[in-house]
Amino acid sequence: MTQTSTKNPWFWVPSLYLTESVPYVIIITVSVIMYKSLGVSNADIGLYTSFLYLPWVIKPIWSPILELFGNKKKWFLSMQLILAFAFLGVGLTTGTSHFFIITLAFFWMGAFASATNDIASDGMYLIALKPDQQSFFVGMRSTFYRVGMITGQGLIVIIAGNLETHFGDPAKAWSWTMIIVAGLMLMLTLVNYFTTPNVIEERVARADQPSFGKVFSTFFTKKNIGLSLGFVLLYRLGESQLVKMASPFFLDERTEGGLGLSVTDVGFLYGTLGVISLLAGGILGGILISRDGLGKWMMPMVIAINVPNIGYVFLAWLQPESMVFAGGVVLIEQLGYGFGFAAYMVFLIYLAEGLFKTAHYALATGFMAMGMMLPGMLSGYMQQWLGYPGFFVWVVLATIPGFVMAYVVKYPREFGRKLES
């Protein structure tokens, strides 16, 4: 590979990963808040928004196409334009009589484009940076991915809440919010067009290209693969259900078991305070694993990601009037989630080790998305059946398989530890 233009990674790595994060968080998380504001039932929200994870689950199927045809820059710029169009479509159809079906169709379009954008953007990172640069910029890459989460879950939701207050009409407010998101995506696409480098990608001769069968078989024949995939699927079994019903719980009226907060309040709690806590926990987790290795921190991290869920049980039973209590629960839960998620991500890197590292990492993250999708699809039905107090007790019980898998899964205890120079 030779570069036809040299661009400073300090400019394009942040914008590229901000553009990965924003559409993901809008499609997977902000859609939940939007549909709740528009009167969709928790059962439908849990089922249909969780099903939007599917493109990230199955993206390894079409990832080789990006290696064989076109180049990474053309792929991610095309996908980002499609995302802008998809969000515009959501914005223009939110006030229609069949808004749920139509906006879901646009979110589906956006989900496939976003998953493909992730593949191409990650590919650009790998081919445009030297190995030492890849290691150096991994922190910035993660940081700006989190900035995208703050933008989506925080700023965008706060905008929607303020527009609801201004217009007195949730449909109109969310229509304008999604049009704003479309404009943001178009702006980010233009930034990426001018800042990302142009590269000539070397192609492996077709005769030497491994078959799909070999790529997949070498993944599924890894040592202890059954335990490893069990860990990937079950580590976040409780969290995968909590994340879908947390926002509806905050937004539902107190007579329905919720806390009766406004959309703006939820944007601040979960999207600003929560994401900052998530970022702090993730940074701390990465530092500790880099210092001591995965083995020392696996069990403390599985405790951190699961035990704070108990706070939601108390919130549901007590329904406190003060936002301070709710804010404290969100802060502790998101801090623990960020800390515990570090172990999960390092394990995925370990699972992708060996031949076909890029393809195997895509497979590993596909199973990661499946672990969020399937339980999340049932979360709304479980909440409606059990009520909020019973549902959050169920979430706590659902964390038990994660503890078991963290204890029995096999991996080198020193994995992730920074080598002494």
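The model is predicted, so local features need pLDDT of at least 70 and side-chain atom pairs count only at pLDDT 80 or more, while totals for chains, interfaces and linings use all residues. Residues are numbered from 1 along each chain as its sequence is written, and side-chain values use heavy atoms, with hydrogens and water left out.

**View 1. N306 sits in helix α13, residues 294–306.** Helices here are DSSP runs of H or I with at least four residues, numbered from the N terminus. N306 counts as buried, at 3% relative accessibility; buried means under 20% relative accessible area (1.4 Å probe, protein chains only). Leaving aside neighbours within four places in sequence, N306 is in contact (heavy atoms within 4.5 Å) with Y235, T399 and F403.

**View 2. F231 and Y235 form a tilted aromatic pair.** Rings of Phe, Tyr and Trp (its six-membered ring) pair if their centres lie within 6.5 Å; planes under 30 degrees apart count as stacked, over 60 as edge-to-face and the rest as tilted. For F231 and Y235, the centres are 4.9 Å apart and the planes 45 degrees. F231 is buried at 0% relative accessibility, and Y235 is buried too, at 1%. Both residues belong to one aromatic cluster, whose members include Y337, F341 and Y344.

**View 3. F249 and Y388 link distant parts of the chain.** F249 lies in helix α11 (residues 237–251) and Y388 in helix α16 (residues 357–397), 139 residues apart. Their ring centres are 5.1 Å apart with planes at 55 degrees, so this pair is tilted. Both F249 and Y388 are buried.

Notes
Helices (H or I, at least four residues) and strands (E, at least two) are DSSP runs, numbered from the N terminus. Buried means under 20% relative accessible area, exposed over 50%, partly exposed in between (1.4 Å probe, protein chains only).
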